[in-house]
Amino acid sequence: MSPARATVLRGIAASRGEAAGPVFVVREGPAEGGRAAADFDSAAQAVAMRLDAIADQATSRPEGAAILRAQAAMARDPVLAASVRERQGRGENLAAAIKSATDAYADRLLELDDAYLRQRAADVREIGRLLIAEAEGGIGSRLGGLRSPAVVVARDLSPADTLSVAGDLLLALVTEEGGLTSHTAIVARELGIPAVVGLQGAVAAAAGHAGVRVDGDAGEVTFMDSAEPRQARSMTRLIDAASAPVPVLANAGSVEAATSAAARGAAGIGLFRTEFMFMAQHGPMSEDDQAATYARVCDALPGRVVVVRTLDAGADKPLPFLPPATEANPQLGRRGVRLWLGNEELCRPQVRALLRCAATHPRMQVMLPMVGARPEMVAARALFAAEAASLGVGVPDIGMMVEVPAVAAALEAFQGVTDFVSLGTNDLTQYAVAADRGMDWPDDLGVFNPGVLRLIATVIESARRMAIGAGACGEMAGRPEGGIFLVGVGATSLSMTADSIPAVVEATSRLGGERCATAAREALQADSARGALAVLRSALAEA
């Protein structure tokens, strides 16, 4: 029976899936029930300890845990403490001083040219909220009243909010703020629940309705007078990856994510991100702990390929136990393989752990991020060879990501030092079109830009001449249009988030390799991203 009254709003589809159930509206302001902090140091210590504790419990959610660790470090920032004390000295009470100090800090970040630092403004405001709650005797989490499964609707949500409650209580997330790269979107995808963000008017609509249905694929939210009698969160259907023209693999950042992808039928892991293991630690991860983790990932996918990427830290993924970057532009600074090779305490234990795992898991491969020049690959391979000789084991296949335009334009300069390549289309695109991928640019400055498409085709053709595999593991691979293009120009594998696999498998398998190739050739002739997308979407509609 359809509801008597419904309000339908559309926002940004941030995490796939569908859910329906009662609505839980997150109220603004601190929750009550705590004891007010005596001073800023007490408030900061309490907030940091709470964030660290939540991160400790979120071991299966490495991205969320890493965000919480970074926020805990912000709460302990001595510069922030000095700013608050200065304002208290001018007569502001503790809560007011915290708010004005964090607002001023966030406003300064928003004025900077560096996109990564601008994005940290939201973290600073969230820390301010938590500190004020502590100063006023509130409890940091605003989901403390959530007692049964519901769709959570809020102006915004923090990782501390969502990771502080049992995952089975969260049917879906809906927020008025945020985008595809916001913390709400990241944590929702990691939790495997539907989410719609950037939905203006969501809180007001939720306040006048008892139930809600969320479509995380279409970005549509329907508010209803009554909750549906059976709350349900849809499960992604089993993947028939074998029907695709090329192997379709999953990206993962934890053992649990890899296990889930395996259970759903992914052909393997095309990108296992190791940085999240490090970002959730107070210090470098030990060789033994790393070796055990890599073995667990490989054991979850017996007989299937697992590509482990060496530590890709720096820029937008700082390590809490390393000094913060002081470079003018961290995106062009010491990051990826540059940072890794320059830190013995990071690279050598990881090399040994990977070699130990590969000795018993022959389908494991290693991939290096952000390679910019042949000598970096030569140095990395020498390190692997030396440690393999020390351990008395062989060296697995070692490949590299193609994310730098100079590498893409001259891939054959790497003949003999890379066993395979994988296109990191996110960074390759932003460097090729000089447009930060964290910003909301039009398609003309995205991956379907004609220059980027031709650069991708050049890389894959060069790899074919070198007789090595050329996969893709950026976000382009997870879009049906992108999958069609990549298969069409000869990519030998695609890797993406597990929830993107069904749509890409369906599109490419229905079209087949020959029709994908025809669509790709036509897209390469387009003089605009709009024209290229029109060709690929026409092929998708045909499928």
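I began at Gly392, which takes a positive phi of about 75° just after H15. Helices here are DSSP runs of H or I with at least four residues, strands are E runs of at least two, and both are numbered from the N terminus.

I noted that the model is predicted, that local features need pLDDT of at least 70 and side-chain atom pairs pLDDT 80 or more, while totals for chains, interfaces and linings use all residues. Residues are numbered from 1 along each chain as written, and side-chain values use heavy atoms, without hydrogens and water.

Glu376, Met377, Ala380, Leu383, Phe384, Glu387 and Ala388 are buried. They lie on the same side of H15 because they cover an arc of only 130° around the axis, taken from the directions from the helix axis to the C-beta atoms. On the other side, Pro375, Ala389 and Ser390 are exposed.

I searched for disulfides (cysteine sulfur pairs within 2.5 Å) and found 0. The sulfur of Cys298 is 3.9 Å from that of Cys357, its closest cysteine sulfur, which is too far for a bond. Cys298 is buried at 6% relative accessibility.

I turned last to the nonpolar cores (buried Ala, Val, Leu, Ile, Met, Phe, Trp, Tyr and Cys joined through side-chain atoms within 4.5 Å). The largest has 105 residues, with Trp340, Ile456, Phe485 and Leu494 making the most contacts inside it. Helix H20 (residues 501-524) gives this core its largest share, 10 residues. A second, separate core of 47 residues includes Leu51 and Leu80.

Note on methods
Buried < 20%, exposed > 50% of the residue type's maximum accessible area, 1.4 Å probe, protein only.
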